[in-house]
Amino acid sequence: MSSWYALWTRSRHEPSVCRELGTRQVESFLPTVPRWSTWKDRKKKIDWPLFPGYCFARFDHDARFRVLNCTGVVSIVSFGGEPAAVPDQEIESVRRLVDSDLQYDPCPFVREGAMVEVVHGPLAGVTGRLLRKGPRAHLVLSVESVSQSVSVQVDAADVVPFG
């Protein structure tokens, strides 16, 4: 059975790795965040990788070498010498956030804080860690295997303790 894995890529190779995985019939996911880039003569909105240096791919053990042979792939994120599967729920949470109209930004990985579940709005059913700053609450969605997180502002009334 295939699982999601985080791929560590060469710097700025995330989009090309995902394209090449597609040509090799491997499902991939590269979450991005829109950013304004400024040059001498113009400004342009560009989608930057949400987790720089990483993209995600779903494959089974037999496809491991096909993935590792993609140009720009450094390695599969592993623990104890074994590729570390990323839970489907973490991928789905980030995918739903990226597909929503909510504003979000990368943030430092957070271990402290209460786990919460969103009960209303476009992220209903998504779980994450809650940080409070002023009257708004920040929900932090984490992909633990790459120690990366993304934060989004949510209404504090839309979250309940998870568990």
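**Close-up views of aromatic rings in a predicted model**

**View A. Phe 56, a buried ring.** With a relative accessibility of 1%, Phe 56 counts as buried, because the cut-off for burial is under 20% relative accessible area. The structure shown is a predicted model.

**View B. The aromatic pair of Tyr 5 and Phe 59.** A search of the whole structure finds three aromatic pairs. One of them joins Tyr 5 and Phe 59 in a tilted arrangement, with 4.7 Å from centre to centre and 35° between the planes. Tyr 5 belongs to strand β1 (residues 3–9) and Phe 59 to strand β5 (residues 54–59), so this pair ties together parts that are 54 residues apart in sequence. Tyr 5 is buried, at 14% relative accessibility. Phe 59 is also buried, and its relative accessible area is 4%.

**View C. The aromatic pair of Phe 51 and Phe 56.** Ring pairs link Phe 29, Phe 51 and Phe 56 into a cluster.

**View D. Lys 43 over the face of Trp 36.** In this view a lysine accompanies an aromatic ring: Lys 43 lies over the face of Trp 36, at 5.6 Å from the ring centre.

**View E. Arg 64 over the face of Phe 65.** Here the residue over the ring is an arginine. Arg 64 is placed over the face of Phe 65, at 5.5 Å from the centre of that ring.

Technical notes. Residues are numbered from 1 along each chain as its sequence is written. This is a predicted model: local features need pLDDT of at least 70, side-chain atom pairs count only at pLDDT 80 or more; totals for chains, interfaces and linings use all residues. Side-chain values use heavy atoms; hydrogens and water are left out. Rings of Phe, Tyr and Trp (its six-membered ring) pair if their centres lie within 6.5 Å; planes under 30 degrees apart count as stacked, over 60 as edge-to-face and the rest as tilted. Helices (H or I, at least four residues) and strands (E, at least two) are DSSP runs, numbered from the N terminus. Buried means under 20% relative accessible area, exposed over 50%, partly exposed in between (1.4 Å probe, protein chains only). A charge sits over a ring if NZ of Lys or CZ of Arg is within 6 Å of the ring centre and within 35 degrees of the ring normal.
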